[in-house]
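Me: I would like to go through the sheets of this structure, and then look at one residue in its surroundings. Could we begin once it is on screen?

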Amino acid sequence: MNEPAPSIDLVVCDACPVLCRIRPGKTGACDRYGNVEGRLTRMDPMVLMAAGPDAAPLVPFLVAPEVTGQEWNGNPVAHHVPVTLASADRTAVGDAPVFVTGIGSGTTYPDYKPAPFIVSSRHDGVDMVTVVTEGIFSYCGIKVKIDTDRYVGPEQAAVRCNGEAVGHVTTAEYGSQMLALGGVHHLTGGSKKEGQVTCQTMLALANKQAVELTVDGGATLTLQAGKPPVVDGKLEERMRVGCGSATIGMFAKQWQGHVDEVIVVDDHITGVLTEHQAGRFLGMEPSGIRVRGRRSTPGRYFQVAEPGTGWGGTDVTDPLTIIDSIDPKTARPGMRLLMVSTTGEDAAWFVLDGDLKPVETAMPEAITHVVERIGENCEPALTSILFVGGAGGSLRAGVTENPVRLTRSVKDRLTRVTCGGAPVYVWPGGGITVMVDVLRMPDNAFGHVPTPALVAPIEFTLRVEDYRALGGHMDWVRPLAEVAEVGSRLRVAAAQPENPWPLTPAGHAATP
Amino acid sequence: MTGPHFAILADGRRHFQHGPIDLVIEAFGPVTAVAAAYAAAERRFQAVLNELVAELWLLRRPLADERLWLDGPVARRMIAACWPYRDRFITPMAAVAGAVADEILAAMRAAGALDRIYVNNGGDIALHLAPGQRFDIGVAASPDPRSNAALAGRVSVLAGDGIGGIATSGRGGRSFSLGIADAVTVLAGDAASADAAATMIGNAVDIDHPAVRRAPASSIKDDTDLGGRLVTTGLGTLPEPAIAEALGRGEARAQALLDAGLIAGAVLLLRGRHRVVGRIALPLAA
């Protein structure tokens, strides 16, 4: 409608996906951000009215940035101190704060004696204790998120490494396929070889190495944490920008005037521009080109083809195969048809000939531009590896004489759990079941034992008085300087700046 | 770009915020069901803003006789709520706040059986009441959350009333109004319907008078769905007959919506005067 003319003073707010364009002196849709003299500026704190059952009075949610000196991000802990993780001698780390991780600390199993390192240190003037150990996890697994719409295999199908079942395909999520690997049944419930291969597969993935897996009735996958997945030999570069219908909605205006029809091929919903609400709004005439599949609502079709590794996660390699019919009463020679996938990776340009047959021809520059823009708007496809392990067993005895108190302390968020200094998600319910993104941990943080089981670093950090209260091994607490002097066995790893500093009190563990 | 924020307020209520969306949520019932409902709300909230943004340019257009088919569940709620008003100027954005509240409420209800839930999206509230339950709700004297104006009154919503949403519109709110009402609070079957109706009744509370200051919406905020339409920017002193005339126009509109079954009731406030439409027993202070 009234598009404001671009101006050098116009600020595009990137605080949220609405991407408001804000002129000087104005605020965006949220009234939280405004354009103050050409600069995007956080405005006054928001105040909300909550008309609850008690007709609650006005509640201010946010403390003004001017007071705290920082943006409120839901996390009361602000500073991320970019310093070394593993402790070492002072010359190596200078005066930077130090945190001892469990990596290489060793352990015994079952934990009949205190953990290898129980370290005292001070953080913000508070005496803290970190119990450092390596856990032996027989109950552990890896959740893999693969950013692709390509068909990796049926749900519940076995996932194999070197022919041994190491996990299965689980539910697909938006734009991603998920695998569940490892777990106690593959590790210890199957054959000896199955257990060993499962252990090695998890170890490699957790240590950020590449692994090749095959899915029964599905694809061959090469997976590595933080890298694009390879599906059947094809490197997946992008996640789809949206379903076919969403793609139509997003780019309809940019196609207008250059095309007579656009079909966005997608395994979930295939979009047809002139039939779609977006095309009709733009006053586009029906093209008479019908696609296969089941029509959901105008311009949106389910099941135009089988799932596969072709266009848009379908098995389509020749896009014309999804065209059901071309109505001679509506279509006319010379009509221009774009067929494109939801990532823009596959695209073809057709012009109807005198017999209304689509003939592939060179794509005009204006169209190539929009196809490229679809690709530009896709996020890079990645493989994410999350390690899940249960630390609710005897490992706790290495921390306290009264193990259940450690569990309670973690649940009460008095004790902060980290893995190699990385933040973890502690699952609700019983036990201390943690999940951690291996990319946030130092390299080669995991080991294994022949049981077979994975060995993972784990640290419990809490205030010294809380440690005493839960029955901690107080006699074993050693000052940080003493541990740091162990000397050459120590490795210094740089802390990842995006990780919260592990010594900040538990309960503040939310990541930004 | 920041993602959604999730916070637990000191009294246990949830506060969700993403871009312009601010929700305060509270659920009552068995502890496990409450936890499941909050988790479901959080899951659903993750994608709500992104879904809306994908179709925002369509949602900012005036509704016409042709039905929009959009992908986003919230977008569909917006269109359904605004559809009855398409003979006048309305864009689906008139129901965005209520539709988001309804969507989150639906996700929470699907997570388990709860006694009561409210999802408050900046004054547009989606409600759930199990049989026998009730909510007592304050009616705002102004939709401006910064005003410390006393509540104009209270209204009780009982299970079985057929009321699942309450919304307030008027001058000083987050959205522009074409009318001059201080506040119009509407009770309806869901929050999106209440939101759309409050906007339309608020627009109807109007009169041409030198005390009413107006400006094109686009001169105040970029990207507004109202374009160059004149919105109310200020209100000087109105004589009593003008107040009565403006309130009367809004009341007539509200009565028509009540008769059409679109709302369950409405409270209209202007300069200390009020009108009540529908079977609301409302002990108003004003």
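**Sheets and their neighbours**

Reply: This is a predicted model. In chain A, an open sheet with antiparallel pairing is built from 11 strands, ordered β16-β15-β14-β13-β10-β11-β12-β9-β26-β30-β29.

Me: Which strands are at its edges?

Reply: They are β16 (234–235) and β29 (425–426) of chain A, each of which pairs on one side only.

Me: And how many bridges join β10 and β13 of chain A?

Reply: Strand β10 (residues 158–161) and strand β13 (residues 211–215) of chain A are joined by 2 bridges, in the antiparallel sense. Val159(A) has Val215(A), in β13(A), as its bridge partner.

Me: Which strands does helix α4 of chain A lie across?

Reply: Helix α4 (residues 192–206) of chain A lies across β9 (140–146), β10, β11 (164–169), β12 (177–182), β13, β14 (220–223) and β26 (383–390) of chain A. Its direction is at about 55° to β11(A).

Me: Now the 7-stranded sheet. What is its strand order?

Reply: The order is β20-β21-β18-β17-β23-β24-β25 in chain A; this sheet is open and its pairing is mixed. Its edges are β20 (294–297) and β25 (358–360) of chain A; each has a single partner strand, so one side of each lacks a neighbour in the sheet. From one strand to the next, the twist averages 25°.

Me: How do β20 and β21 of chain A pair?

Reply: β20(A) pairs with strand β21 (residues 300–302) of chain A in the antiparallel sense, over 3 bridges. Within β21(A), Tyr301(A) is the bridge partner of Arg295(A).

Me: What does helix α5 of chain A touch in this sheet?

Reply: Helix α5 (residues 244–255) of chain A packs on the sheet and touches β17 (261–265), β18 (270–272) and β21 of chain A. The directions of the helix and β17(A) make about 150°.

Me: Let us take Val272(A). Is it buried or exposed?

Reply: Val272(A), located in strand β18 of chain A, counts as buried because it has 25 C-beta neighbours inside 10 Å, where 20 or more are required.

Me: Which residues does Val272(A) touch, leaving aside those up to four places away in sequence?

Reply: Those residues are Ile263(A), Val291(A), Gly299(A) and Tyr301(A).

Me: Changing topic, what does the secondary structure of chain B come to?

Reply: Chain B has 7 helices and 13 strands. Of its 286 residues, 54% count as buried.

Terms used. Residues numbered from 1 in each chain as written. Chains lettered and ligands numbered in written order. Predicted model: local features only at pLDDT ≥ 70, side-chain atom pairs only at ≥ 80, totals over all residues. Pairing = 2+ DSSP bridges. Helix = DSSP H or I, 4+ residues; strand = E, 2+ residues; numbered from the N terminus. Axes fitted to C-alpha atoms, helices over the stretch in contact; angles between N-to-C directions. Contact = placed C-beta atoms within 7 Å. Buried ≥ 20, exposed ≤ 12 C-beta atoms within 10 Å, placed from the backbone.
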